[in-house]
Amino acid sequence: MPPRSEEPRRDATGSRRGSSRDTGRRGAQPRAGEPGVGGISDARAYTPRGRTVREQRAGGRAAPDADAGPAEQRRTPRSTRSGDPFRPALQVLDGGRAGAGRAGRREAAGRPGVVRTVTPRAPGHDDPPPRRRAAAPRPARRPDRPAARRPSRKRPKPPRLADPRLRLRLGTVLTLVLFAVIGIRLVVLQAVETPAYAGGGLVDRLRTVTLPAARGGIYDRSGAPLAHSVEARYVYADPTQIEDLPATARALSPLLGIPASELAEKMKPRKRDSGEDSRFEYLARGVDIGQARRITGLELAGIYTQRDERREVPGGDLAANLLGFTSQDMVGLEGLEARYDDLLRGKDGKRVYEVGLGDLAAPIPGGYSETTEAKPGSSLQLTIERDLQFMTQRMLSRHMTRSKGSTGAAVVIEIPSGEVLAQASHPTYNAAKPVPSDPTDREDAATSFVVDPGSVHKAITFGAALQERVITPDTTLPIANSIQKGDTPFADTHPANGRRMSLPGMMAYSSNVGTIQIADKLGPERLIDYQKRFGLGEPTRVGMPGEASGRLLPVEEWSGSSAGSVPIGHSVDATPLQMAAAYATIANNGTYVQPRLVKEVIGPDGKRTPTEPPVTRSVLSPENAAALRHILEAVTTVEDATGRAAAIPEWRVAGKTGTGWRLVDGRRQSGEVASFIGMAPAENPRYVIAVFAHTPSGGGGDIAAPAFREMMQYTLRHNGVPPSGQKAPKFTVYPR
């Protein structure tokens, strides 16, 4: 190893220092004449690896001694103050001299040629690490060298560090505020806004099923059903789910009784008005429950069944023109079904329940569910007697079929109640299957059939004259063969040739002349007044929808011929039911009783409520009513009288024939209307029957009276009315 160089070193001020060996020796004293040697400033040159040798500044001083040998190492001077471990102590102990040294060193470091040299410690050197030397006397400043100036650069103040406690408090406050906001919002959502949110979600999960109310039935006077509803099923298709349309149609055809081609057409995919695919198409309504179960058992894709209601009419066409029918949705369309629809229909209920969504579209156990029970409709009990209604219809149809294109009506009224026991029409239809029928076939002829009644009106003229004492039962009048009123002559079919004729004779031969003469004595005002009292000119309000009111000709509209036409039943518009009610007044001892068709209303709970009592009024005295019945009895007993065909062997019959016209919108139709209205037994009437037959080809007289006879005979026998105990009186037509 080369010997360590012993040449003294110089510091930054140019003073010589001892060798590394000398300077490292503990307690070494500075040499005489070297005031800077051994000072505290020399401690800054110490590093663990050796001491730093500063060369003199450029300007003539020699470089470090070359004899130092290769053992010396170069060391890059420190560039920052933060790396100096002795800086605080030096500042205090050196009293500022270190600052000057540092300035010099910084200046030397910036000059070229200045090299910091570190002398390594010899291996094996076991000297203890050098300690700080005591502060040496501050060397006097050389007069020829200016003092080193400290740098004038002002160091910036270090940034003020944040207080961690403040950050912690701020974070805690923000966290508490956040939790408070979340808690308050949860309380608002769960306590205040819960109904709104719950309701919004509930709407999407709710399903509503209509619970149809059972429609009330219609029964006859004994409680036998004429029309009632039964539980059924309807079959519908979802076209979007049908997999094999032709095969599905073929499978359903025999069960529904509908052609497969028609079913296939109904099941075809189609668009709704909204542009969406149709998912509901009716295939059949009112299907029997057994048939619906068979259809369900087929498990056809897209085919479903649901609860339905079917209206059944056991009698088919029995009282069909009275009953009417309903739509498939159980809404009354015609007849009593339409007139009392609000009462019969009841009020549907509903079931609202919560279901799952998607594949779980089933009721949720314990979910929302509310059921409003359906309120069944009330029922009607009519005054109609089913068996009598059937026979009346059958007899009327048999007689009416003799004349093609004819229209007929028959009414049976009970005395004294005024209840309608039968009300038949021809033609009729099957109320259970009303679609194929003609609308005119479905009309109730007894209330919508407006006629010019003809001679059956003469009983009203005679009754008014008796009540006003214009005539008496014993009155006789000379009857000419004809009479002129205005520009119209009125003649008799049985000429009297001017002979005096009794009132029964005038009625038996239907004398136009005799009736007009009586009306002349009565006057038009009183005649019209009695027409109204007998119930003409206004509807009977029996309960049928569309009932015609008829029309009476006001006095101010009478022409010269009206004095002849009105008394004999022309220029008068009336319905068969109105005329039957007028004759019921005569049979009921002169008291008018409004006809009734509905007897009671039966509530869903079975409570029976009678309908409003009928309107009644006195028209004739009982004596005059009995006298008029006696006069009318001559029609069926006098030889060659017009009503001989209506006579019944066992019972006395009083009545009147008539020949008039049918009016449609005030216009006379072709053909004639033949009628017969009678009562039996004549001595104490129990029933009044009116028969009207419009025959376009004529011959109505051969229909009305025979039909009346059959109907009245059956009615009397069916209800057990004993035969008349006395024979009919003998009448004198032409008194001497």
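Which residues form one aromatic cluster? In this predicted model, in which local features need pLDDT of at least 70, side-chain atom pairs count only at pLDDT 80 or more, and totals for chains, interfaces and linings use all residues, the cluster consists of Tyr-234, Tyr-236, Phe-280, Tyr-282 and Tyr-304. Residues are numbered from 1 along each chain as its sequence is written, and side-chain values use heavy atoms, with hydrogens and water left out.

The structure holds eight aromatic pairs, where rings of Phe, Tyr and Trp (its six-membered ring) pair if their centres lie within 6.5 Å, and where planes under 30 degrees apart count as stacked, over 60 as edge-to-face and the rest as tilted. Phe-280 and Tyr-282 make up an edge-to-face pair, with 4.9 Å centre to centre and 85 degrees between the planes. Phe-280 counts as partly exposed because its relative accessibility is 28%, and Tyr-282 likewise counts as partly exposed, at 36% relative accessibility; here buried means under 20% relative accessible area, exposed over 50%, and partly exposed in between (1.4 Å probe, protein chains only).

The protein chain contains 21 helices and 29 strands, helices (H or I, at least four residues) and strands (E, at least two) being DSSP runs numbered from the N terminus. Of its 736 residues, 45% count as buried. Among the contacts in the protein chain with a separation of 6 or more, 73% are accounted for by residues 24 or more positions apart, a contact meaning heavy atoms within 4.5 Å.

Two packed helices are described by the angle between their axes and the distance between the axes. The axes of helix 6 (residues 245-256) and helix 7 (residues 260-267) come within 8 Å and cross at roughly 125 degrees, where axes are lines fitted to C-alpha atoms, for helices over the stretch in contact, and angles run from 0 to 180 degrees between N-to-C directions. Helix 6 and helix 7 are therefore oblique to each other, since angles under 35 degrees count as roughly parallel, over 145 as roughly antiparallel, 65 to 115 as roughly perpendicular and the rest as oblique. Their crossing is right-handed; a crossing is left-handed if the near helix is turned anticlockwise from the far one by less than a right angle, and right-handed if clockwise. On the side of helix 6 the contact is made by Leu-245, Thr-248, Ala-249, Arg-250, Leu-252, Ser-253 and Leu-256, and on the side of helix 7 by Ala-260, Leu-263, Ala-264 and Met-267. These residues divide into eight nonpolar, two polar and one charged, with Ala, Val, Leu, Ile, Met, Phe, Trp, Tyr, Cys and Pro counted as nonpolar, Asp, Glu, Lys and Arg as charged, and the others, Gly among them, as polar.

A further crossing involves helix 14 (residues 458-467) and helix 17 (residues 524-533), whose axes come within 10 Å and cross at roughly 110 degrees. Helix 14 and helix 17 are therefore roughly perpendicular to each other, and the crossing between them is right-handed. Ile-460, Thr-461, Ala-464 and Gln-467 of helix 14 meet Leu-527, Tyr-530 and Gln-531 of helix 17, and the residues of this contact comprise four nonpolar, three polar and no charged.

Several individual positions were also examined. Asp-520 lies in helix 16 (residues 512-522) and is partly exposed, with a relative accessible area of 39%; although Asp-520 and Val-470 are 50 residues apart in sequence, their C-alpha atoms are 9.8 Å apart in space. Thr-326, in the loop between helix 9 (320-323) and helix 10 (335-339), is buried, with a relative accessible area of 13%. When residues up to four places away in sequence are not counted, Thr-326 touches Arg-215, Arg-311, Val-331, Gly-332, Leu-333 and Glu-337.

Backbone geometry was considered as well. The peptide bond from His-426 to Pro-427 is cis, with omega near 0 degrees, and Pro-427 is placed in the loop between strand 16 (420-426) and helix 13 (445-448). The peptide bond from Ala-680 to Pro-681 is also cis, with omega near -20 degrees, Pro-681 being found in the loop between strand 28 (672-680) and strand 29 (687-695). Asn-497, although not a glycine, has a positive phi of about 60 degrees; Asn-497 lies in the loop between strand 20 (488-491) and strand 21 (500-502) and is exposed, with a relative accessible area of 57%. Ser-510, in the loop between helix 15 (503-508) and helix 16, has a positive phi near 55 degrees, and Ser-510 is buried, with a relative accessible area of 10%.
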